[in-house]
Amino acid sequence: MAPLTTIRIGGPAALFFKASSAEQLFRALVSARDLGLPHWLLGGGSNVVISDEGLDGLVVFDANRERLDFAEGQITVSSGFALRELVEECRRRRLSGFEFAAGIPGSVGGAVCGNAGAYGCSVGERLVEAEVWSPQCGVRRVPAEFFNFAYRDSVLKHEEGIVFSARFRVEPGQQEQIEAAMQANLKRRLERLPPPELPSAGSFFKNLPPERSGERRRAAGLFLEQAGVKGLRVGGAQVYEKHANIIVNRGGATARDVRTLAQKMKARVQERFGITLEEEARYLGTIT
């Protein structure tokens, strides 16, 4: 599984299926559920750390790219497209609204489930409706309110379900302004985040709620930096030197290395500030 994750960690899956359509996604995951098989849906592979022993059940890889449709002020895109592809299509068609997502890894389906975002903007704010499946409701179209979006969170992070496609709101824009905003956001990311060739899971811990209503969330990276975690290392896993909320794989890192390092980071912040950080990255499988 390691090559399918952005941190390049993970052992083999006992069963693996590449789903190239919404129908295949549905049949694979529902069949696994009916058979009592443990199962996971994997998209862009960001924000996950998979066990070195691998996964005992079925991993369904989302390669669903059936839809990429544009209508007046809206774009509908299948779950298996990379978020960067959506951003690029909007740029190419002079549509504004997704400049904030330039450089964010992962798939569209994963971005909806995790309410991906940056710089005070999020995917959930742009969502109009989505086609989903859940055990309770079957396959249906649901409005954005269905997801109960919160910071890096939605109902599908807590309940079983699949996103097949999503429809987003966009606005006509000026090519120069769209490209300038994208480049500015990419530059900010490149100044502080690891280059693409250095494996990482992205921001590891969630930012903290604001102290007062109306204020912005407090950056977890700031507390981690003040706790002195930059450069801290366990095995092949290391806290990135330019950003205290990112763990990188310096070569040969194991899931156990990452989890142990994350626990040390949390402990330092807890000891200094009395704050318990919550992982944004998810652990899959047994990591001892």
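1. In which strand is Asp-69 found? Asp-69 is found in strand 5, residues 68-71, where helices (H or I, at least four residues) and strands (E, at least two) are DSSP runs numbered from the N terminus. This is a predicted model, in which local features need pLDDT of at least 70 and side-chain atom pairs count only at pLDDT 80 or more, while totals for chains, interfaces and linings use all residues. Residues are numbered from 1 along each chain as its sequence is written, and side-chain values use heavy atoms, with hydrogens and water left out.

2. Asp-69 counts as partly exposed at 32% relative accessibility, on a scale where buried means under 20% relative accessible area, exposed over 50%, and partly exposed in between (1.4 Å probe, protein chains only). Its side chain is joined to that of Arg-67 by a polar contact of 2.8 Å, the term meaning a pair of N or O atoms within 3.5 Å; within protein, one must be able to donate a hydrogen and the other to accept it, and residues adjacent in sequence count only if both atoms are side-chain atoms.

3. Ser-79 lies in the loop between strand 6 (74-78) and helix 2 (83-92), and is buried, with a relative accessible area of 0%. The side chains of Ser-79 and Asp-62 are joined by a polar contact of 2.7 Å.

4. Gly-236 sits in the loop between strand 15 (233-234) and strand 16 (237-239), and is buried at a relative accessible area of 5%. Beyond its neighbours within four places in sequence, Gly-236 is in contact (heavy atoms within 4.5 Å) with residues including Val-248, Arg-250 and Asp-257.
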